[in-house]
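Visitor: Could you pick a single part of this model and take me through it closely? I would like to see how that part connects to its surroundings, and then how the rest of the chain looks.

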Amino acid sequence: MLSIAKSALRPSLARAFAAPASSMSLHTLPDLPYAYNALEPYISEAIMKLHHSKHHQAYVNGLNTAEQAYAQSPSVREKIALQSALKFNGGGHINHSLFWRNLSPDGGSLSDGPLKKAIERDFGSVEEFKKKFNAATAAIQGSGWGWLGYNSATNTLEIVTTANQDPLLSHTPIIGVDIWEHAFYLQYQNVKADYLTAIWNVVNFKEAEQRLAEATK
């Protein structure tokens, strides 16, 4: 299933989530490109350590278990029964692999360039984009993700949300923000708005611009 899903993903997701060479190859937890405390004070060391080493690892483990069970399932009925586990854990692995590179201790500043120009074209200004993005993401009921996605059909940037760990398949993900409680609760408790305001200080806009460049080739 995931090999099929991967073929539908844009280049940036292909970088974020490399499919295993065979159905029995194991997915592994990617290393962070910075230390656990590198995003402080905006995201605490305790959150990053728990989020990466426990939650993302759980998605990796769940995906490996589901793929192995799928490969060994003798019937279509059993394979169908595994679809939700593949989607949930596979999506969690895809989304988090992208999310870690979405952040940087050197982030927060969007320089003049193609990404800024596209955001200003489609949202009026960078600040207006952030306002709309935060509102849409905070409005997610339960757990999910907020995305800035590139729509290849209209050649525009759009704000999209997905539930649970569903990966973004309708657009190329440019920026993604995890709004699951494990991403912020230890530091921001139930105040999603404060977390969403703070995270822009560590968003890796250089990575986001690279994703846009790949999507528009």
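**A strand end and its neighbours**

Guide: Let's start with Ala163, which lies in strand β2; strands here are DSSP runs of E with at least two residues, while helices are runs of H or I with at least four, both numbered from the N terminus. Before going further, please keep in mind that this is a predicted model, in which local features need pLDDT of at least 70 and side-chain atom pairs count only at pLDDT 80 or more, whereas totals for chains, interfaces and linings use all residues. Residues are numbered from 1 along each chain as its sequence is written, and side-chain values use heavy atoms, with hydrogens and water left out.

Ala163 has a relative accessible area of 39%, so it counts as partly exposed; buried means under 20%, exposed over 50%, and partly exposed in between, with a 1.4 Å probe and protein chains only. Leaving aside residues up to four places away in sequence, Ala163 touches Ser143 and Gly144, where a contact means heavy atoms within 4.5 Å. Its C-alpha atom is separated by 8.0 Å from that of Gly142, 21 residues apart along the chain.

Strand β1 covers residues 144–151, and eight of its eight residues are buried. Gly144, Gly146, Leu148 and Tyr150 point one way from β1, while Trp145, Trp147, Gly149 and Asn151 point the other way. The partner strand β2 spans residues 156–163 and runs antiparallel to β1, joined by eight bridges; two strands pair if DSSP finds at least two bridges between them.

Now let's step back to the whole chain. Its secondary structure comes to 10 helices and three strands, following the pattern α-α-α-α-α-α-α-β-β-β-α-α-α along the sequence. Of its 217 residues, 45% count as buried. Among contacts with a separation of 6 or more, 71% join residues 24 or more positions apart.

Helix α5, residues 83–102, has 20 residues and reaches 28 Å from its first C-alpha to its last, close to the expected 28 Å; the expected span is 1.5 Å times one less than the number of residues. Because 14 of its 20 residues are buried, α5 is largely enclosed by the rest of the structure. His52 sits in helix α3, residues 45–72, and its relative accessible area of 5% makes it buried. Not counting residues up to four places away in sequence, the contacts of His52 include Leu29, Tyr36 and Trp100.

The aromatic side chains give another view. The structure holds 12 aromatic pairs; rings of Phe, Tyr and Trp (its six-membered ring) pair if their centres lie within 6.5 Å, with planes under 30 degrees apart counted as stacked, over 60 as edge-to-face and the rest as tilted. Tyr188 and Tyr195 form a tilted pair, 6.1 Å centre to centre with 55 degrees between the planes, and both are buried. Trp200 and Phe205 form a stacked pair, at 6.2 Å and 15 degrees. Trp200 is buried at 5% relative accessibility, and Phe205 is buried at 4%. Trp200 and Phe205 belong to one aromatic cluster with Phe123, Phe129 and Phe133.

Finally, a word on confidence. The mean pLDDT of the chain is 91, and 89% of its residues reach 70 or more; pLDDT is the predictor's confidence in each residue, from 0 to 100. Over residues 1–23, however, pLDDT stays under 50, and the model has 48 contacts for them beyond four places in sequence. Where pLDDT is low, the predicted coordinates should not be read in detail.
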